[in-house]
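This report describes selected features of one protein model. Please keep the sequence and the structure in view while reading.

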Amino acid sequence: MRVLLVEDQPLLADAVRRGLLAEHVAVDVEADGISGLRMASGGRYDVVLLDIMLPGLSGYRVLEELRRRQVWTPVLMLTAKDGEYDEADAFELGADDYLTKPFSMVVLLARMRALVRRATPQRPPVLTAGDLLLDPATRRVRRGDVTIELTPREFGLLEFLLRRAGDVLTRTEILHGVWDAHYDGDSNVVEVYVRYLRHKIDKPFGRHGIETVRGVGYRLAGDGG
């Protein structure tokens, strides 16, 4: 899952970011409405977590503009406001859910996952490349009739590659999509996890599904290799 958090309170933003990363959710963080609108309009996110009181452009205006641009990414409003009229305004403008501060990470994660489940009919229920199959709902992976056990990070990487099967993806794109835009560790972590995946989904089956594109990055063959 990839999430955009638009929140101007640094302590809260950092706490939510760390909580999401602990659950293997890739998260980008913006601190103002203008940057948040730009990222939400151009990024591929599963959920946008949007504060109402933001500098530059309020969360209401960000939401209104997203829907005007026909960006239908689920939006969960995060706000210190708890009046019923504020909640009604958010829903009128196209919000999918509303959570009042303070909130627990358990509740936030549950609300996010519910939004992703509701949006699932617009996405392929099962991702395939040849006989390689990944089911996001059940988190199961198979090559033919053989079930393959993956760690959460390996699963996230394979899902990212499958959603873009046939495309060449740079290491930076993979880092941003599977880890997050603020990851400042060694970029070789992508190479390490690609190697892990190959040992599980390719090598035992005599396949070469994940291809190295020299000097650029990686590509998952559209036929699964």
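Which residues line the second largest pocket? The lining consists of Arg2, Arg44, Phe160, Arg164, Leu169, Glu173, His176 and Gly177. The model is a predicted one, in which local features need pLDDT of at least 70 and side-chain atom pairs count only at pLDDT 80 or more, while totals for chains, interfaces and linings use all residues. Residues are numbered from 1 along each chain as its sequence is written, and side-chain values use heavy atoms, with hydrogens and water left out.

**The pocket**

A pocket is defined on a 1 Å grid over the protein atoms alone as an open set of points where a 1.4 Å probe fits, with protein on both sides within 12 Å along at least five of seven lines; lining residues have an atom within 4 Å of a point. The volume of the second largest pocket is about 170 Å³. Helix 7 (residues 171-178) supplies the largest share of its lining, three residues. By class, the lining holds two nonpolar, two polar and four charged residues; Gly counts as polar here.

Helices (H or I, at least four residues) and strands (E, at least two) are DSSP runs, numbered from the N terminus. Two strands pair if DSSP finds at least two bridges between them. The pairings of strand 8 (residues 140-143) are as follows.

| Strands | Sense | Bridges |
|---|---|---|
| Strand 7 (residues 132-135) and strand 8 | antiparallel | four bridges |
| Strand 8 and strand 9 (residues 146-148) | antiparallel | three bridges |

Arg142 of strand 8 is the bridge partner of Leu133, and Arg142 also stands opposite Thr147 in strand 9. Strands 8 and 9 form a hairpin with two residues between them, and Gly144 in the turn has a positive phi of about 65°. Strand 8 has a covered face, made of Val141 and Arg143, and an uncovered face, made of Arg140 and Arg142.

**Helix 8**

Val189, Val190, Val194, Leu197, Ile201 and Asp202 are the buried residues of helix 8. They lie on the same side of helix 8, because they cover an arc of only 150° around the axis. The arc is that of the directions from the helix axis to the C-beta atoms. Buried means under 20% relative accessible area, exposed over 50%, and partly exposed in between (1.4 Å probe, protein chains only).

Definitions and conventions. Points joined across faces, edges and corners; volume = space filled by probe spheres on them.
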